Amino acid sequence: MDVFNQSSRLLYNLNADMEGDSKFSGILEIYIHHARNIHNICIYDNQDVYAKFSLTYNPDETLMTKIINGGGKNPEFNESLVMKVTQLDALLKCEMWMLSRAKNYMEDQLLGFALVPISLVVGKGKICKDFSISSTDLFHSPAGTVKLRQ
């Protein structure tokens with residue numbers, strides 16, 4: 001079930017020196033509804049899934065959703081996240097991950113990712129749409145969709 005009463009938008013900072021950060025441009029509010037038809041690579045049950053968000057100019061600074069236990073191929077997130085944006089020409093990277101419950105044997109597994117240009121939301125108010133998830137950087141290999149509102 002989609003939750004359409006959540007608001008998400010890019011807010012500009014009119015006071016650029018807020019909190020001592022002279023490069024601060026705005027806040028990106030992200031609402032992740034769900035993912036559909038992602039790869040279920042867990043062989044014994046429905047995989048536990050989480051999403052991770054970052055901006056291309058700063059890939060080490062990430063935000064994560066809660067873990068959806070037994071989310072399988074179609075996890076329902078219905079979660080809001082907020083991140084600072086300092087470069088409006090950046091891309092938002094949304095990654096889908098399978099949580100490893102056996103950390104000694106296997107790390108978390110990347111299921112796929114979607115890239116969303118920040119320019120899609122600047123000055124356009126709320127955007128709510130499905131974005132294609134790809135499983136590889138080299139060429140588009142369909143791996144499902146993720147519904148985001150920004």
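Leaving aside its neighbours within four places in sequence, which residues is D108 in contact with? Before I answer, a word on what we are looking at.

This is a predicted model, in which local features need pLDDT of at least 70 and side-chain atom pairs count only at pLDDT 80 or more, while totals for chains, interfaces and linings use all residues. Residues are numbered from 1 along each chain as its sequence is written, and side-chain values use heavy atoms, with hydrogens and water left out.

Let me start with the overall layout. The chain has 0 helices and 9 strands, where helices (H or I, at least four residues) and strands (E, at least two) are DSSP runs numbered from the N terminus. Of the 150 residues, 41% are buried, that is, under 20% relative accessible area with a 1.4 Å probe and protein chains only.

Now to the question. D108 sits in the loop between strand 6 (91-98) and strand 7 (109-117), and its contacts, meaning heavy atoms within 4.5 Å, are with Y50, W97, M98, L99, S100 and K103. D108 counts as buried because its relative accessibility is 18%. Its side chain makes a polar contact with the side chain of Y50 at 2.6 Å; by polar contact I mean a pair of N or O atoms within 3.5 Å, where within protein one must be able to donate a hydrogen and the other to accept it, and residues adjacent in sequence count only if both atoms are side-chain atoms. The side chain of D108 also reaches the backbone nitrogen of S100, at 2.8 Å.

With neighbours within four places in sequence set aside, T65 is in contact with I32, Y50, A51, F53, F77, E79 and L81, and the side chain of T65 reaches the backbone nitrogen of A51 at 2.9 Å. T65 counts as buried because its relative accessibility is 5%.

Strand 5 runs antiparallel to strand 2 (residues 26-36), and 8 bridges join the two; strands pair if DSSP finds at least two bridges between them. Within this pairing, M83 in strand 5 stands opposite L28.

Notes:
Buried means under 20% relative accessible area, exposed over 50%, partly exposed in between (1.4 Å probe, protein chains only).
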